[in-house]
Amino acid sequence: MAKTSLSTLLARVGLDWFILALLAMIGLAKIWPEPGIQEGPLSLSSIATYGVSLIFFFYGLRLNFDQLRVGLRNYKLHLVIHLTTFIVFPAIVLAARYWLMTPDTELVWLGIFYVAALPSTVSSSVVMVSIAGGNIPAAIFNASISSLIGVFITPLWMSYLLSSTTGQYDLAGVIGKLTLQVIVPVILGLLLNRRLGWFAERHKSLLRYFDQVTILLIVYTAFCESFKLNLFAAYSPSDLLWLAALLLGLFFLVFGFITLLSKPLHFSREDRITALFCGSKKSLVQGSVMANVLFPGTMAGVALLPIMIYHALQLIVASIIAQAMAQRQATSAVTRK
């Protein structure tokens, strides 16, 4: 009974085994980094790379052209979500950079900008929209399209900072690698949807675990590199709390911006909810994948730290907000009766 109550309590505040497992992977990388830094076709980093392509293949397998065609109609909602995801987010971080960044925090700040440049997440956005009573088809469409757009927009944004930080940045090479690793598997899955889509739909729970295990492997190998080179030695617990506070502030700034923008656009309650949750979320899956391509191995772990913190915060805060919205709607429905 106590165990069940604890699981229920953690779920209510947005915590689950995956967030705890992410923390465990960081701890494991700290005390046992050797397996994560080995190279070769069967190394953990190579296996993670193969796993990423499979993630996006199965993701494409669950999409279909009918969903994409129907989703194109609500263009105002799409514009708000994607402009917020790819323009407003990075603009806020760039504006704050000149006041808050110091030479000692440059690498972490790069990670914060990386969070801002990432696409929206798919699964948790749709789940939160569903809980709050939003437009689920529009959520599926926008979260899916965001992942594909991000393959091109995120590297473009990162080229702005990485070229000045590292002195070199092969934009064409980065987009080429991400296209092979993400876009090609998605297209292949999409083309096979009519024949094999039932398989991905039937086993979606199992595939979700596969996604999460692959992310855990990516996080482990990235942090192994960083711990091996002692890159986190300069960061104290108070630094991490300050980073979490900045990321939480970023979430609420964007959430508030979308709330204000939804009013003059006369969004329905369902569309407003969809804009709020799809426009304020960032993808840990894409963040993990792109970090291995965008950043040198020694930087990947530090760059991943902000997106991991943001991922945990967005799940916790969005879960609380979504449940509050659902409760408010249920209360309103009872009052009307």
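## Starting with contacts

Two residues are in contact when they have heavy atoms within 4.5 Å of each other. With that in hand, take the contacts in the protein chain that have a separation of 6 or more: residues 24 or more positions apart account for 86% of them. Keep in mind that this is a predicted model.

## The overall picture

What does the secondary structure come to? The protein chain has 16 helices and zero strands. Of its 337 residues, 48% count as buried. The chain exposes about 16,400 Å², and carbon and sulfur atoms supply 69% of that area.

The largest nonpolar core has 93 residues, and Met158, Phe223, Phe277 and Phe295 are the ones with the most contacts inside it. Which helix gives the most to this core? That's helix α16, residues 297–336, with 17 residues. There is also a second, separate core of five residues, with Phe58, Leu61, Ala200 and Leu207 among them.

Phe277 is a handy place to look around. Setting aside neighbours within four places in sequence, Phe277 is in contact with Ser125, Met128, Val129, Ala132, Phe255, Ala318, Ile321, Ala322 and Met325. Leu313, for its part, lies in helix α16. Not counting residues up to four places away in sequence, Leu313 touches Ala244, Leu247, Leu248 and Ala318. Leu313 and Ala244 are 69 residues apart in sequence, yet their C-alpha atoms are 8.0 Å apart in space.

Several residues of α4 are buried, including Ser46, Ala48, Gly51, Val52, Ile55 and Phe56. Phe58 and Leu61 are also on the buried list for α4, and both turn up in the second core.

Now for Gln181, which has its place in helix α10, residues 171–191. Is Gln181 buried or exposed? Gln181 counts as buried because its relative accessibility is 12%, and the cut-off for buried is under 20%. Neighbours within four places in sequence aside, Gln181 is in contact with Thr49, Val52, Ser53, Phe56, Val289 and Val293.

## On the surface: a nonpolar patch

Tyr98, Trp99, Leu100, Tyr160 and Trp242 form a nonpolar patch on the surface, with about 700 Å² of accessible area together. Helix α6, residues 75–100, supplies the largest share of the patch, three residues.

Tyr98 has its place in helix α6. Tyr98 counts as exposed because its relative accessible area is 59%, and exposed means over 50%.

## One salt bridge

Side chains of opposite charge can pair when their charged atoms come close. How many salt bridges does a search of the whole structure find? The search finds one. In that salt bridge the side chains of Lys204 and Glu201 meet, at 3.3 Å from N to O.

Methods:
Residues are numbered from 1 along each chain as its sequence is written. This is a predicted model: local features need pLDDT of at least 70, side-chain atom pairs count only at pLDDT 80 or more; totals for chains, interfaces and linings use all residues. Side-chain values use heavy atoms; hydrogens and water are left out. Helices (H or I, at least four residues) and strands (E, at least two) are DSSP runs, numbered from the N terminus. Buried means under 20% relative accessible area, exposed over 50%, partly exposed in between (1.4 Å probe, protein chains only). A salt bridge is a side-chain nitrogen of Lys or Arg within 4 Å of a carboxyl oxygen of Asp or Glu. Patches are made of residues with over 30% relative accessible area and no salt bridge: like charges are joined within 9 Å, nonpolar side chains (Val, Leu, Ile, Met, Phe, Trp, Tyr) within 5 Å. Accessible areas come from the Shrake-Rupley method with a 1.4 Å probe; for residues, only the protein chains shown count as cover. A nonpolar core is a set of buried Ala, Val, Leu, Ile, Met, Phe, Trp, Tyr and Cys residues joined through side-chain atoms within 4.5 Å.
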